[in-house]
Amino acid sequence: MEGCLSIFSLAVLVLHSSASSADVRLVNGASACEGRVEVYHEGQWGTVCDDEWDLDDAAVVCRQLGCGSAVSAPGKAHFGAGSGNIWHLSCFVRLVNGHSLCSGRVEVNLKNTWTSVCDSDFDWQDAEVVCRELDYFLSSALPSSKTPDQLSLRLVGRGDDCAGRLEVYHNGSWGTVCDDSWDLADSQVVCRQLQCGMALSAPVPASFSQGTGPIWLDEVGCLGNESSLWECPSAGWGQHDCGHKEDVRILCSDHTLLRLSAGCSGQAEVYYNGTWGSICANSMSDITVAVICKQLGCGDKGTVRETNSRLSPDPKWLDFVSCRKHDSTLWQCPSSPWGQNDCTDREVANITCSVPLALRLAGDTNCSGRVELLYEGSWGTVCDDSWDLQDAQVVCRQLGCGDASIQE
């Protein structure tokens with residue numbers, strides 16, 4: 001496929017080779033399938049240093065050469081010392097169009113040109129190679145002494161990488177951050193570190209509930225210009241005087257929300273970059289419709305048709321969405337890049353899910369607000385007598401909104 005690199009060329013991540021197996025060879029062995037690894041680069045053959053080399057790396061070479069599975073990966077010039085250049089194992093891979101350094105479309109750099117990698121035969125083993133090489137690069141290139149923790153930061157609560165409860169990974173466990181002294185400058189650092197745009201001062205939806213487990217940080221005091229949270233002063237790991245009701249929650253400008261305009265039916269709309277926009281109906285399959293319905297808690301299937309945008313004029317945020325059977329949310333589905341589309345105001349997706357909505361939250365988002373029920377064609381409210389967190393949990397679960405919290 002033009003403009004797309006075969007998975008068999010993923011060895012470029014560590015070997016700077018192209019898709020051709022002729023760019024990699026094994027020499028000084030008993031056959032073409034064993035020996036010293038040599039790579040053809042910039043017009044000459046060179047060797048590869050065995051630092052960090054293991055059986056997983058060897059498996060990439062074996063597959064590229066059509067030699068089956070790797071049996072062993074001996075170091076220390078087991079097949080004799082080479083000569084000439086020793087090609088450095090630098091990482092020429094990146095993930096783009098994701099919400100963090102560690103999510104997105106796989107691209108590799110060949111001769112100063114970034115090229116996408118085809119998903120044909122791409123599996124978890126291939127993904128592990130990409131993740132390992134990115135981890136090696138970041139750990140080597142980032143200045144902080146805590147570089148392994150650079151990727152150990154997340155926002156959780158809604159399946160959206162750019163909004164939710166802040167959690168950090170430390171000492172083998174995910175934990176929360178206390179909001180003592182926390183302000184917009186601290187949130188700006190987190191949003192920037194996660195590549196999620198700018199921090200918003202808007203109230204965080206109540207559906208982003210409090211966490212569990214350790215509270216790792218307190219009294220964080222970022223100036224706002226730091227490149228990562230780890231550069232900011234704090235009380236120290238595990239030092240705090242607060243409970244989980246004070247967990248930090250953040251909204252970044254690149255956070256996304258999904259809704260159908262009439263609950264479990266209506267126009268498919270996405271909140272992105274601070275604006276609600278439509279989803280185009282182009283090439284939308286039954287699988288894509290099912291993913292949207294399930295994500296909204298509206299059943300496991302539905303139908304779609306084209307309709308006139310009720311938001312017109314509005315941005316058409318997504319087009320040519322093509323979900324796969326294993327995708328659990330719309331954000332995992334392949335599509336055109338955000339904002340790039342080939343549809344008009346008359347071609348937005350109108351979806352009817354298999355389960356009619358009898359429950360909704362009337363508020364700023366689909367997952368916060370006043371509880372309302374549909375009965376005999378009319379929406380009504382629910383009295384709060386005896387209402388507690390368990391009742392709220394049922395509502396949040398039914399709406400696909402994560403854990404519950406109650407605001408007085």
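Which residues does Asp314 touch, not counting residues up to four places away in sequence? They are Trp276, Gly277, Ser278, Ser309 and Asp345. Contact here means heavy atoms within 4.5 Å.

This is a predicted model, in which local features need pLDDT of at least 70 and side-chain atom pairs count only at pLDDT 80 or more, while totals for chains, interfaces and linings use all residues. Residues are numbered from 1 along each chain as its sequence is written, and side-chain values use heavy atoms, with hydrogens and water left out.

**Overall**

The protein has six helices and 22 strands. Both are DSSP runs, numbered from the N terminus: helices are H or I with at least four residues, strands are E with at least two. Of its 408 residues, 45% count as buried. Buried means under 20% relative accessible area, exposed over 50%, and partly exposed in between (1.4 Å probe, protein chains only). Take the contacts between residues at least 6 apart in sequence: 62% of them join residues at least 24 apart. The accessible surface is about 20,700 Å², and carbon and sulfur atoms hold 49% of that surface. Areas come from the Shrake-Rupley method with a 1.4 Å probe; for residues, only the protein chains shown count as cover.

**Asp314**

Asp314 sits in the loop between strand 17 (302–307) and strand 18 (316–318). Its relative accessible area is 11%, so Asp314 counts as buried. Its side chain makes a polar contact of 2.6 Å with that of Ser278. Another, of 2.9 Å, links the side chains of Asp314 and Lys316. A polar contact is a pair of N or O atoms within 3.5 Å; within protein, one must be able to donate a hydrogen and the other to accept it, and residues adjacent in sequence count only if both atoms are side-chain atoms.

**Strand 10**

Strand 10 spans residues 163–170, and seven of its eight residues are buried, so the rest of the structure largely encloses it. The table lists its pairings. Two strands pair if DSSP finds at least two bridges between them.

| Partner of strand 10 | Sense | Bridges |
|---|---|---|
| Strand 9 (residues 153–156) | antiparallel | four bridges |
| Strand 13 (residues 249–251) | antiparallel | three bridges |
| Strand 11 (residues 173–177) | antiparallel | four bridges |

Individual bridges can be named. Leu166 in strand 10 is the bridge partner of Leu155. Gly164 stands opposite Ile250 in strand 13. Tyr169 has Trp174 of strand 11 as its bridge partner. Strand 10 and strand 11 form a hairpin with two residues between the strands, where Asn171 takes a positive phi near 55°.
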